Amino acid sequence: MKTDPKILIEKEITVVEGEFKPVAQPDPARPGEWIAKRENLDTDKADELETAEDLEEMEGHEAIAEKLEMRLHDLRHALERVKNGSYGKCEVCQKPIEEGRLVANSAASTCVAHMK
């Protein structure tokens, strides 16, 4: 029996949101969006090496949060396609997206021929 794509996508959204927690926090200005965690840097008291390490960690958080944000956006878009009945159809040619592609990437919006 084939699993409902809505259930798979919702589970993956939950996983991605969990992956945000160590590196990001909900953005109070934009509900449903995330911002990278920024450590409070005390550059007056910290030595240069410690400050550099903290800055590097923040940059890593920002990069991870950006990738997770893009994945979350793609998953939410896929969930909308499930709801409106267009899930599984290529957004370019309207042909069915290959099952293997959807198994590998439940948020795929195009067939293999039109992959981004």
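This is a predicted model: local features need pLDDT of at least 70, side-chain atom pairs count only at pLDDT 80 or more; totals for chains, interfaces and linings use all residues.
Residues are numbered from 1 along each chain as its sequence is written, and side-chain values use heavy atoms, with hydrogens and water left out.

**Surroundings of Val-112**

- Val-112 is located in the segment that follows α3 (99-104); helices (H or I, at least four residues) and strands (E, at least two) are DSSP runs, numbered from the N terminus.
- Apart from neighbours within four places in sequence, Val-112 has contacts with Glu-98 and Arg-101, where contact means heavy atoms within 4.5 Å.
- Glu-98 and Val-112 are 14 residues apart along the chain, and their C-alpha atoms are separated by 7.2 Å.

**Overall architecture**

- The chain contains three helices and two strands, and their order along the sequence is α-β-β-α-α.
- The chain is more spread out than a compact globule, because its radius of gyration is 19 Å, well over the 13 Å that the globule rule gives for 116 residues. The radius is taken over C-alpha atoms, and the rule is 2.2 Å times the number of residues to the power 0.38.
- Along the principal axes, the C-alpha trace spans about 60 × 25 × 25 Å.
- Of the contacts in the chain with a separation of 6 or more, 46% are between residues 24 or more positions apart.

**Surface and charge**

- Buried residues account for 28% of the 116 residues in the chain.
- The chain exposes about 8200 Å², of which carbon and sulfur atoms supply 54%. Accessible areas come from the Shrake-Rupley method with a 1.4 Å probe, and for residues only the protein chains shown count as cover.
- There are 17 positive and 26 negative side chains, and the centres of the two sets lie 13 Å apart. Lys and Arg count as positive and Asp and Glu as negative, whereas His and the chain ends are not counted; the place of a charge is NZ of Lys, CZ of Arg, CG of Asp or CD of Glu.

**Salt bridges**

- The structure holds five salt bridges, each being a side-chain nitrogen of Lys or Arg within 4 Å of a carboxyl oxygen of Asp or Glu.
- One of them joins Glu-10 and Lys-6, whose closest N and O atoms are 3.9 Å apart. These two residues are separated by about one helical turn, because they are four residues apart in helix α1 (residues 5-20). Glu-10 is partly exposed, with a relative accessible area of 34%, and Lys-6 is partly exposed at 32%.
- Another pairs Asp-27 with Arg-30, with the closest N and O atoms 2.8 Å apart. Asp-27 is buried at a relative accessible area of 11%, whereas Arg-30 is partly exposed at 40%.
- A further salt bridge connects the side chains of Arg-81 and Glu-91 (3.9 Å, N to O). This pair links distant parts of the chain, with Arg-81 in helix α2 (residues 48-84) and Glu-91 in the loop between α2 and α3, ten residues apart. Arg-81 is buried, with a relative accessible area of 2%, while Glu-91 is partly exposed at 39%.

Key:
Buried means under 20% relative accessible area, exposed over 50%, partly exposed in between (1.4 Å probe, protein chains only).
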